[in-house]
Amino acid sequence: MENNIVISNKNRKRNNFDYVEIPIKKKRKKSDIKKVAPPTAEEMNRLRETENIFHSNLFRLQIEEMLKEIKMSERTYNKILLWIEELKEFLMNIDISFSLTKGDLINIPNVLFPIKNKSKSIETNFVFMKPKSVNVFGSFSSNCSFKRCGIIDIVVEMPKEIFHKEDYLNERYLVIRNIYLSCLASKFIDLGNDSLIHPTIEFIITNNSEKPLLRIKPNSEKLQKYNFYIHLVPESGILKETRFCPSLNNIRYGWYFETAGDGKLNSPSPYYNSVVCQDLVTLKNEELRKNVFSESPNFKDAFLLLKVWLQQRNLKEGVGAFSGFLLAMFIVYLRKMNKLNHLMSSYQIIRTVWLGLDQTNWHSEGISLVDTKNECKSDHLKIFNSNYDVVFVDVTGNVNLASILTLPKYMQIKFESKYALQCLDDPKVNSFPALFMTPVVSIQEFDHLIYFRKLSVMKKVVRDNASTEMQLDFRNNIGLQFLNIIIKMLNRALGQRVSDIAYIVNPTILSWHVNEKIPHYKNVILGLKLNSEHAYDVIDKGPMANLPEGVEFRKFWGSKSELRRFKDGSVCETVCWVKNKDTLQMKRLIIRDIINYILETKFEIKQVHYLYIADQLESIIYDNYNKIFTFCGTGEEAVLKILSSFNDLSIKIRHIKDLPFQITSIQGTSAVFRYSDPFTNLPHVHSTIKKGLNFTEKTIVFKSDIFSKHTPLYISPIEAVIQLSVSKKWPDDLDAIRRLQAAFYIKLSSNLTKICNCICYPNYNYIDILKDGYVFRIRISNNSEISALKRQINSEGLIEYCDNDESMYLEKKLVQLPILSSAIHGLHQQYPAFGPTCSISKRWLRSQLLDDYYIPDICVDLLLSHLFLNAAPYTVSYQPQTMFIRFLKLISTLNWYLETIIVNFNDKLSREEILEIESTANKNRESLTPLTIATPFDKSGTLWSQPEPSVVILRKLTQLADAALHVIELSIFNSNSVEEIKTIFRPPLKGYDIIICIIPTVNSLRWMNIDADINTFCPIKNSPEFKKLPIVDFHPVRLYIEELRKYYGEFCLFFYDFYGGDFIGVVLKPETKLVKEFKVSNMKCSQETKNKLYFNVEAMIDDFHILGSGIVERIERY
């Protein structure tokens, strides 16, 4: 109020009253803020659609951005149209003088004939004439071509004068068509370099080897990235479409086999009929497609996105592929069925297409674009269903558009569509990268791969096993015949063991210069996806022996079939593939054994004629040393024995009654409880050489002078945690708590020795228990101890609780780790390949000299847990090798600086929590660790990745993973040799400044080395005794490295392979190259020259020798 009241000394009146001046409030000016217009109806619809259809606005934005990225600009589109007009004018005025008379050899100037016809001569007269018309069709005609490296389809209509009445017979149409195409190619070559067409003229086969296309490019540099495919179709009316009904024959038996066969042998030729008739109806189907796509631009956008989806899954091109044209016609079909309309968004169209592909059954019922009554339509479809594996009838009702689409490819399309819908329906993940951004690679997609490389083997299979009808219909198409025969047989043999058998023919597209010979497909790969419920079935149970089906079963399986009586009393034909004692690793290869048997007995294909890719990398984690134990394998059986022993020990501990504190739980924390130990503990064994060891009544200890020459093999303790109940008996003092815990260990040891006759060795911080040959190291998890570590007295004399390094380490090891181990244990139960995958991954990481100091074991487990829980764009594989290759791909492509890895165990994190974790991590990225792994138990994501791995280590890891991927692909597909694959487990020496070589006999894990010679080791007792507590957790090389890091970590980085590495790699930090001022604090590892300090490498190497006395063999400087 004092600021508002002013006492004026001016103009006082005579009565001496004081006047108060109150300022007058000024009128506020109208603000310049513009009024916000209410949202339009379109904006409201968009908002409502985003809320109802999309899980988040991000997915919608990603779709819109991708469309901007892949759509062809209007400017480029117009340029291409202008060039096409020039090409059209040239073709319509083309002047070629070329003719052939019946019986003439097909010889076109500068061009080799692009198909392998039965006769090298022509069976009719041919005279080249100008095209009837030239038009654009396909994606480009509706502006649905990709911006980069797009394909523009041009259709040339051949005049009817060049054809004859009976050209439907015996490949005549195909011969004339390809002569006409060759004439065009010859004319293009004659034009030279100065024409509108680039001189590189090629034939190309996309999915039909009998109808190659002509690929040309503009001579303009701006348009050379686009490929122009020239298709040929005949003028309408030259051949009757009804003549190509699937049930009719147009390839005569006598003509093809060159025999005077009976007319009854002329079986239907549905494949050939569709190949020819598709050219007759191309323009009619194209007109219908254009009409539908012109209804709404959203049809075009959806089509573009679906083409990207097909391309990322390698389903759009190649032998028997699901072409873009077939996809467009299916959109037309859904529109005719009123399942699509012009008001739908592109997202809704995509979803409806996937739903339609998933729900329709082209292989059993077929679909049709024909407008007829249901009864007539059903009868019409029956003719097609009886002649084709997959049926999609075109608008004329005369052609099966899906005749080239093979059944395996169609089933793969159905599977991928269903999986795409599952990704869309999962609100907790952003499915856009998995569906549209990530390419699918065969070696990462399938559990098993069968790699056929020799064309002669495929030809022999077709020659010996293809029926006359198949050879007559498919003729020179050896690939399709081979695939039909092999896949049909494998489906019968494998049954429910596999969920999908797919194939890949390489290269997917054949292209060659027009004056070169026709190339061959290089190889055929069969890919198998296992059905987890039946893949590992030991027995194939057949019909009862006295039934006719039993005879057929015995005939199929031959010597493998045997009679067995089952519990229900039935006696059935069976095939047994493994023995009861065989490991799970061997059971994972039952399918390989079945396929090897089928290929050899049914087709006489030896194993040397193909590569079987499934378990080559699993040999890395075989325990070849401990051969007296038959349950080793890849470790799963050994883990089960440990768990059985541990559970028995837990029960006995719980039953001890006179303990001072009640036990609430006993949980394992070692990697073995997570199935992720590369070399799972086995019952400990003793070397026959006892020199240097003292055997006391209960334990084995070193003699005083032993260490320098003899080191026992490493025995890892199996760690577990006892959780005690909350009690007031615990004191507040930290030392008192720890003494009380030590007393508990002594009491527990005494009881176990009396009750269970176990060998126990209590320590101050833990107790070691020897049971069944395993050493269990058990610690107490006590909240009172953690609270006492956190307790501090501040400057004001008040007690406060603050985290410190020791309390955080104890809480992480004794509280958080048991919970996480239980979650990962459950994950392995869900996905049995998890444990072996972890083992292979850790073995690879350690072999790159990245030990637990740089990349903690638990971080590897969490990364793989993320991979198994977020497998998209793949499904989870049941083969460890496949998942390991995916792990390498994840490591090589992960953006460590931006991405937060979320491991959502048991779906405990809701969508809101996941978004909150991602948002928080993005805001605080600079303060977080480079590797951030969030779980339901640690939403901050930094609990397990502090202080390592660092940015430098992660960058190195990315490079190593990328190089390992390249080596695996080359070695598996080229040689399939385990020895070549092992190269990724041998670290390169390049890049290290110093190499410290270790004395081999000192290395307590020397038998785990990738190149270890097992025969040089001491033999093992056949019946090991488990009556003395062995030397546990003694690894002198690891202790040596810990000393090096402690004293020289500020100058160097030390790298070592924990699993039997025979050298230590040392990298000098960049700071060591700096010249420092002469100070006492800078004197360590330095030498003085002219009052300047230089880093003294030689002196440090001498220190390494002294510290490593008895461990170091030699030190080399690079």
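Q: How many residues does helix H23 have, and how far does H23 reach from its first C-alpha to its last?
A: In this predicted model, helix H23 covers residues 805–830, which makes 26 residues, and its reach of 35 Å is close to the 38 Å expected at 1.5 Å a residue.

Q: Where in H23 does a kink lie, and which residue caps the N-terminal end of H23?
A: The kink, of about 40 degrees, lies at Gln-816, shortly before the proline Pro-818. The cap at the N-terminal end is Asn-804, which has a side-chain oxygen 3.2 Å from the backbone nitrogen of Glu-806.

Q: How should I describe a pair of aromatic rings?
A: Two quantities describe such a pair, namely the distance of the centres and the angle of the planes. The structure holds 50 aromatic pairs; in one of them, Trp-557 and Trp-577, the ring centres are 5.6 Å apart and the planes stand at 70 degrees, so this pair is edge-to-face.

Q: Which parts does the pair of Trp-557 and Trp-577 tie together?
A: Trp-557 belongs to helix H17 (residues 548–557), whereas Trp-577 belongs to the loop between strand E18 (571–576) and helix H18 (584–587), so the pair ties together parts that are 20 residues apart in sequence.

Q: Is Trp-557 buried or exposed, and is Trp-577 buried or exposed?
A: The cut-off for buried is under 20% relative accessible area. Trp-557, at 4% relative accessibility, therefore counts as buried, and Trp-577 is buried with a relative accessible area of 10%.

Q: Which charged end sits over the ring of Tyr-766?
A: That of Arg-777 does, 4.1 Å from the centre of the ring, and Lys-307 lies over the face of Phe-146, at 4.8 Å from the ring centre.

Conventions: Residues numbered from 1 in each chain as written. Predicted model: local features only at pLDDT ≥ 70, side-chain atom pairs only at ≥ 80, totals over all residues. Heavy atoms only, no water. Helix = DSSP H or I, 4+ residues; strand = E, 2+ residues; numbered from the N terminus. Expected span 1.5 Å × (residues − 1). Bend = angle between axes of the 7 residues up to and from the residue. Polar contact = N/O pair within 3.5 Å; in protein donor to acceptor, adjacent residues only side chain to side chain. Phe/Tyr/Trp six-rings, centres within 6.5 Å; stacked < 30°, edge-to-face > 60°. Buried < 20%, exposed > 50% of the residue type's maximum accessible area, 1.4 Å probe, protein only. Lys NZ or Arg CZ within 6 Å of the ring centre and 35° of its normal.
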